[in-house]
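Biologist: Please take me through this model, and tie each term you use to its cut-off.

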Amino acid sequence: MSVSRETLETYWPKIKKLAETEGAQSVISLCEEEKDFNMRWSLYRFSNQTLAQRDWSGRDLNTAITVGEAGIE
């Protein structure tokens, strides 16, 4: 079952704040808290894409790459 974009968008403020204040590992922890595999995978993918494409304070591709790689493991 796929997760709607609308649902994932509700996570953006939290992802953004975590990335800005605590870094990639905190975003990974947020994704790992999700018990449902499909939601966890979707959250990793969404986090990776939005951190790479959207504006946020301290934006860098290393954060997006680190989150994306964690989602693959």
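**Contacts, burial and charge pairs**

Modeller: Leaving aside neighbours within four places in sequence, E20 is in contact with W56 and S57, contact meaning heavy atoms within 4.5 Å. The model is predicted, with local features needing pLDDT of at least 70 and side-chain atom pairs counting only at pLDDT 80 or more, while totals for chains, interfaces and linings use all residues. Residues are numbered from 1 along each chain as its sequence is written, and side-chain values use heavy atoms, with hydrogens and water left out.

Biologist: What makes E20 partly exposed?

Modeller: The classes are buried under 20% relative accessible area, exposed over 50% and partly exposed in between, with a 1.4 Å probe and protein chains only. E20 has 32%, so the middle class applies. Its place is in helix α2, helices being DSSP runs of H or I with at least four residues, and strands runs of E with at least two, numbered from the N terminus. The C-alpha atoms of E20 and F37, 17 residues apart along the chain, are separated by 26 Å.

Biologist: Why is C31 called buried?

Modeller: C31 has a relative accessibility of 0%, which is under the limit, so the label holds. C31 lies in helix α3. Apart from neighbours within four places in sequence, C31 is in contact with R40, L43, Y44 and S47.

Biologist: Is S47 buried or exposed?

Modeller: Buried, because the relative accessible area of S47 is 0%. S47 is found in helix α4. Not counting residues up to four places away in sequence, S47 touches I15, V27, C31 and V67.

Biologist: How do you know that the span of α4 agrees with its number of residues?

Modeller: The expected span of a helix is 1.5 Å times one less than its number of residues. For the 17 residues of α4 that gives 24 Å, and the end C-alpha atoms are 24 Å apart, so the two agree. The buried residues of α4 are M39, S42, L43, Y44, F46, S47, T50 and L51. These buried residues pack against α1, α2, α3 and α5.

Biologist: What makes a set of residues a nonpolar core?

Modeller: The term covers buried Ala, Val, Leu, Ile, Met, Phe, Trp, Tyr and Cys residues joined through side-chain atoms within 4.5 Å. The largest such core has 19 residues, and those with the most contacts inside it are W12, I15, V27, Y44, L51 and V67. The elements giving two or more residues to this core are α2 (12-21), α3 (24-33), α4 (37-53) and α5 (61-72). L51 touches, among others beyond four places in sequence, W12, I15, V27 and V67. In soluble globular proteins, nonpolar side chains tend to be buried together.

Biologist: Why is the pair R5 and E9 called a salt bridge?

Modeller: The rule asks for a side-chain nitrogen of Lys or Arg within 4 Å of a carboxyl oxygen of Asp or Glu. R5 and E9 meet at 3.2 Å, N to O, so they qualify. Both lie in helix α1 (residues 5-9), four residues apart, about one turn of the helix. An α-helix has 3.6 residues a turn, so residues three or four places apart point the same way.

Biologist: What makes E9 and R54 a salt bridge?

Modeller: Their closest N and O atoms are 2.6 Å apart, so this pair also meets the rule. The pair links distant parts of the chain, with E9 in helix α1 and R54 in the loop between α4 and α5, 45 residues apart. R54 is partly exposed, at 24% relative accessibility.

Biologist: How do you know that D55 and R59 form a salt bridge?

Modeller: The closest N and O atoms of D55 and R59 are 3.8 Å apart, so the pair is within the limit. Salt bridges that share partners join R5, E9 and R54 into one network. A search of the whole structure finds four salt bridges.

Biologist: Why is the charged end of R54 said to sit over the ring of W12?

Modeller: The definition requires NZ of Lys or CZ of Arg within 6 Å of the ring centre and within 35 degrees of the ring normal. The charged end of R54 sits over the ring of W12, 5.2 Å from its centre.
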